[in-house]
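Trainee: Could you take me through this model feature by feature, giving the general idea before each case?
Mentor: Gladly; let us begin with the display.

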Amino acid sequence: MADADPVRLTIRLNAADNVITARAELLPGTEIPGEGLTVAQPIPSGHKVATRAIAAGEPIRKYDQIIGFATDAIAVGEHVHVHNVEMHDFERDYAFGVDARPTAYFNDSELATFQGFRRDSGRIGTRNYIGVLTSVNCSATAAKYIAEAITPEVLAKYPNVDGVVALTHSTGCGMAGDGEGYANLQRVLWGMARHPNFAGVLMVGLGCEVNQIDFLLEAYGIKRGEGFQTMNIQDAGGLRKTVEWGSGIIRDMLPEANKAERGPCPASELTLALQCGGSDAYSGITANPALGEAANLLVRHGGTAVLAETPEIYGAEHLLTRRAVSREVGEKLIERIKWWEDYTARNGGEMNNNPSPGNKRGGLTTILEKSLGAAAKGGTTNLTGVYKYGEPVTAKGFTFMDSPGYDPASITGQVASGSNIVTFTTGRGSVYGCKPAPSLKLATNSTMYRKMSDDMDINCGAVIDEGISVEEMGKRIFDRLLEVASGSKTKSEEQGMGDNEFIPWQIGAVM
């Protein structure tokens, strides 16, 4: 656990670490109380300082884990970052299930509730939208025009409806009609078509695309009905007629959608997407472990938390496999890791192309360091399931869904998998919104929180600046989750964000 004394200049995460993290910019000659060292070089805020001499080739340790290897000898008090640290592979012990423990569930009298929408399917929504989905990019403009035809004046007559949102994307044709990319897109569209935050859905196609609507319905057993309808531009007779016909379908859906009313629902019906973006060195110290505590609470209430971004748990996957409820679950995660190693290699990339430039400016040196902080979002409960991108998450508890580290694509998959609420930690600053699921922003540091207060929901920087415990901050996050699930708007919702962030993960050749 981090030393959160508000007056200290640095943060030590573990007694075995050979680096500490600067809480503010440190100038040469600065003495670090409690560490017995003097800073030898300028150290930016969030960056690492060597606490002892580190030989070339020796591991750099943070969180009592290896985050990289010194490329040169590093003296006490020197800056430790990309100029003198490299990443290479090393043996990790996956030790499947050795740290799995029985979950301490709350008693019935202690179980939390929220005000949600009960659907006929038995699933619970946190929002009440009508969606216009596209099978192909060729129908994107038609879908947007259909949604825009339902003006604020029309929606004002239906106060229980949160809005009409067009979920458009850039693929659906010029692709193989089978394989990983096609399966990803179909799982996402199917997941959105049945998402509990939608009271009704209209799917719009062109007519001649590879991703045929009828193929999707047949593959996933989706039935047309009043709450799910389809159409295509070619059958309708062009764009104008499609918009007229489609907007009429939506108008017919509105009265039924408006009948939905919020009612008491157990927190066990929440599926929480755990996400981070624009990370910095504080992410793994404040917001991510605090979100992990909130995830622990949700799991103890019988709910589900979904971690994702496979490239951003790379190097920390052994900490998750140790918590797997079975060897089978742990091996599913390792299979996904190996798939990514092969995927990046055959596309001329490498797993350490992440952290991004912004992450590095924030003090993150290697993907190993970033992953150890990112994995903290998953808390400490057992890993109960591992899923492909957009695959329905059926297990309760802490789970993992395979995805890229690109936030919009990753969250699109999590929501398609069933997440009805999203949490997003950020240190550099992110303004992400996610219709139909509300998205809460958790700031990792107080400086950015104050600068971007219009976009941040919770300041987890208080863990360092005010000495608030990670556990208390996790409780604050959990309580706010219940409020948002009950209808309270997030900062991104207040600003109307979330119409343009639907991005299914594309794999394969564009032909």
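Trainee: In which loop does P436 lie?
Mentor: P436 lies in the loop between β21 and β22, where helices (H or I, at least four residues) and strands (E, at least two) are DSSP runs numbered from the N terminus. Before we go on, note that this is a predicted model, in which local features need pLDDT of at least 70 and side-chain atom pairs count only at pLDDT 80 or more, while totals for chains, interfaces and linings use all residues. Residues are numbered from 1 along each chain as its sequence is written, and side-chain values use heavy atoms, with hydrogens and water left out.

Trainee: Which residues does the cis peptide bond join, and what is omega there?
Mentor: Most residues other than glycine have a negative phi, and most peptide bonds are trans. Here a cis peptide bond joins K435 and P436, with omega at about 10°.

Trainee: What is the phi of D64, and what is the phi of E309?
Mentor: Phi of D64 is near 60°, a positive value in a residue other than glycine, and E309, which is not a glycine either, has a positive phi of about 65°. D64 lies in the loop between β6 (59-62) and β7 (65-70), whereas E309 is placed in the loop between β18 (304-307) and α8 (317-321).

Trainee: Is E309 buried or exposed?
Mentor: Buried means under 20% relative accessible area, exposed over 50%, and partly exposed in between, with a 1.4 Å probe and protein chains only. E309 is buried, since its relative accessible area is 1%, while D64, at 29% relative accessibility, counts as partly exposed.

Trainee: Where is R428 found, and which residues does R428 touch?
Mentor: R428 is found in the loop between β21 (421-426) and β22 (439-443), and with a relative accessible area of 39% R428 is partly exposed. Contact means heavy atoms within 4.5 Å; not counting residues up to four places away in sequence, R428 touches G278, S279, D280, G358, R361, G362, M448 and M452. The C-alpha atoms of R428 and D280 are separated by 6.4 Å, although these residues are 148 apart along the chain.

Trainee: At what angle do helix α7 and helix α15 pack?
Mentor: Axes are lines fitted to C-alpha atoms, for helices over the stretch in contact, and angles run from 0 to 180 degrees between N-to-C directions. Helix α7 (residues 287-300) and helix α15 (residues 470-485) pack at an angle of about 60°, with their axes 7 Å apart. They are therefore oblique to each other; angles under 35 degrees count as roughly parallel, over 145 as roughly antiparallel, 65 to 115 as roughly perpendicular and the rest as oblique. The contact is made by P289, A290, L291, E293, A294, L297 and L298 of α7 and by V470, E471, M473, G474, K475, I477 and F478 of α15.

Trainee: How do helix α1 and helix α6 cross?
Mentor: The axes of helix α1 (residues 140-149) and helix α6 (residues 239-258) come within 8 Å and cross at roughly 45°, and the two helices are therefore oblique to each other. From α1 the contact takes A142, Y145, I146 and A149, and from α6 it takes L239, T242, V243, G246, S247, I250 and R251.

Trainee: Which residues touch the most other members of the largest nonpolar core?
Mentor: In soluble globular proteins, nonpolar side chains tend to be buried together. A nonpolar core is a set of buried Ala, Val, Leu, Ile, Met, Phe, Trp, Tyr and Cys residues joined through side-chain atoms within 4.5 Å. The largest one has 91 residues, of which L274, L383, M473 and I477 touch the most other members. Apart from it lies another core, of 22 residues, among them Y158, V164, V243 and M253.

Trainee: How many residues of helix α11 are buried?
Mentor: Helix α11 (residues 367-374) is mostly covered, with eight of its eight residues buried; among them are E369 and K370.
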